[in-house]
Amino acid sequence: ALGGAIALALAGCGLVGPAVVDTSGKVEFDRPLAIPPLAPSTLDADGTRVFALTAERGETEFEPGVPSETWGYDDDHLGPTLVAERGERVRVDVQNDLDEATTLHWHGMQLPAAVDGGPHQPIEPGASRHPEWTIDQPAATLWYHPHPHEETEQQVERGLAGLFLLHDPAERALGLPSAYGVDDVPLIVQDVSFDDDGRRTGRATSFAGALGDETIVNGTRSPYFEATTELVRLRLLNASTARILGFELADGRPMQQIASDGGLLAAPVETAHVRLSPGERAEVVVRLTPGERVVLRSRMTSAELGGDDVLAGLNGGRDVFDVLELRAAADLTASAPVPAALADLPDLPGPDEVAIERRFDLHGFDINDRSMDPDRIDLVAERGRTERWIVHNTSKLPHSFHVHDAQFRIESIGGAPPPPELAGWKDTVYAVPETEIALLVRFDGPGDPEHPYMYHCHLLMHEDAGMMGQFLVVEPGQDADEHFRMDDGE
Ligand code: C2O
Ligand code: CU
């Protein structure tokens, strides 16, 4: 029903979105970039690495002396960076000190459904949960954020988000920049709005969701980063709730993209522009010369969004944001070159290996004309089988598609093979308007007929409005738990 209303509104009124944003040249870059602290951990008797995160309210001075209410984990705003090694058993003791229910979801993580942190696993005020799992996937830049039913956008917007970095021996052996906060720099980028005094305000809403008129990085407004090495690895996370960002260096120089959502690419990809929809990550390596300053900015046009002028209004069309100034020291420490080969990506499964094909039509705020129903299971996947998921954004609106528990590969976009930066492991993909994207996905289990995972649009207002479905991963031959209503395919 919502979808219909949107289509009507779009057809009827000629969409008026928020004004075009251009902060380029207006940002002063007068504050050092905050680096999220590394989360402390302890090893318990059986070797499990134990972290603790408490969701709490806080106050942040984006401008000195002007406090805004923000939420964070063990902090006033955002949360610490968790780091773990492939093969490690981890537990996170999650405490909710907010006065409303929340959940904590591990975006991009392959883990049992019972600890996925989706909407079925609320943590009531004052309560805690203790998700525990074994890290069994390649080195990657993952993140965590709440996922409460219909309340995700407002909790993430207030600042509940943080990074979860995974390492593995193969990645360490490459000698990539890896000194956290020195030449391996996390960048959590979010669009926000401020009043003239520098107090955070609400943001203008469009059909995409709330859109801010500037960006902050790791919670810092107007940030600069002082680089001391020739090469700097930037771990980019678009943690905006709706805005699609396109990262580039303002002088047009290329960057080397080395990783996408789920880990390293097969080889570095030289690119001048990295498009990330909400929830997507990319790692890029930037080469600096001594003493220079270069601005990392975001620039998106409706053409790059894959649409016409309708999109321009939705994403603020032709928008340019100054994101961060990189300031190179007068003397830069030499960096090892980025290796020409990064990761062994398995070949895409051939047609014979695809056990089943499913379609996901994105339209309005629905997937396959249905809205999220926590009591309904939309599909059941059998552990270990490769599935082809055809995601079709049938509209002119921007959407994205995120799948829990798995890293997938993109087989095609609009019938063509994906560009190299989208050919690696992904868990979220920008759903280009009026385009079909074929994903190859396999869930490695364990099967659990009682706890669903989610797939959804990661534009969080859309997710909250019901643009989400639920699936179970089961052992071969296993049935879904009987308390669920099964999708009848209507
Ligand atoms: Cu990043 Cu289902 O979420
Ligand atoms: Cu959407």
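Is F29 buried, partly exposed or exposed, and how many other C-beta atoms lie within 10 Å? Here are my notes, starting with that one.

1. F29 is partly exposed, because 18 other C-beta atoms lie within 10 Å. The cut-offs are these: 20 or more other C-beta atoms within 10 Å of a residue's own make it buried, 12 or fewer make it exposed, and partly exposed is in between, with C-beta atoms placed from the backbone. F29 sits in the loop between α1 (2–13) and β1 (31–32). Although it is not a glycine, F29 has a positive phi of about 50°.

2. Before going on, a word on what we are looking at. This is a predicted model, where local features need pLDDT of at least 70, side-chain atom pairs count only at pLDDT 80 or more, and totals for chains, interfaces and linings use all residues. Residues are numbered from 1 along each chain as its sequence is written, while chains are lettered from A and ligands numbered from 1 in the order in which they are written. Helices (H or I, at least four residues) and strands (E, at least two) are DSSP runs, numbered from the N terminus.

3. E150 counts as partly exposed because it has 13 C-beta neighbours inside 10 Å. The peptide bond from G445 to P446 is cis, with omega near 10°, and P446 is in the loop between β35 (435–442) and β36 (453–456). For background, most residues other than glycine have a negative phi, and most peptide bonds are trans.

4. On to the layout. The protein chain is split into domain 1 (2–27 + 175–333), domain 2 (33–169) and domain 3 (351–486), with bounds from an automatic or database domain assignment. The centres of domain 1 and domain 2, taken over C-alpha atoms, are 22 Å apart. Their contact takes 32 residues from domain 1 and 25 residues from domain 2; being in contact is defined as C-beta atoms, placed from the backbone, within 7 Å. On the domain 1 side, the strands that each supply at least two residues include β12 (184–194), β19 (231–238) and β22 (263–271). That side divides into 14 nonpolar, 10 polar and 8 charged residues. Here Ala, Val, Leu, Ile, Met, Phe, Trp, Tyr, Cys and Pro count as nonpolar, Asp, Glu, Lys and Arg as charged, and the others, Gly among them, as polar.

5. The UniProt record (unreviewed entry) places "domain: Plastocyanin-like" at residues 56–170 and 363–474. In the model, residues 56–170 are 8% helix and 42% strand, with end C-alpha atoms 37 Å apart. Residues 363–474 are 4% helix and 45% strand, and their end C-alpha atoms lie 28 Å apart.

6. Which residues touch the most other members of the largest nonpolar core? Of its 121 residues, they are L187, I188, V189, L236, V284, L324 and L326. Strand β26 (residues 319–333) gives the largest share of this core, 7 residues. A nonpolar core is a set of buried Ala, Val, Leu, Ile, Met, Phe, Trp, Tyr and Cys residues joined through C-beta atoms within 7 Å. Not counting residues up to four places away in sequence, I188 touches L78, A161, L163, V217, N218, L237 and A239.

7. Strand β25 (residues 293–300) runs antiparallel to β20 (residues 245–249), with 3 bridges joining them. β25 is also antiparallel to β26, through 8 bridges. Strands pair if DSSP finds at least two bridges between them. R297 is the bridge partner of E248 and stands opposite D322 in β26.

8. There is also an open sheet of 5 strands, ordered β28-β27-β31-β35-β33, with mixed pairing. β28 (366–367) and β33 (409–413) stand at the edges with a single partner strand each, so one side of each has no neighbour in the sheet. H363 stands opposite D366 in β28.

9. Lastly, M454 lies in strand β36 and counts as buried because it has 22 C-beta neighbours inside 10 Å. Leaving aside neighbours within four places in sequence, M454 is in contact with G118, H404, M468 and Q470.

Conventions: Two residues are in contact if their C-beta atoms, placed from the backbone, lie within 7 Å. UniProt positions are given in the numbering used here, feature names are shortened, and annotations may be inferred rather than shown by experiment.
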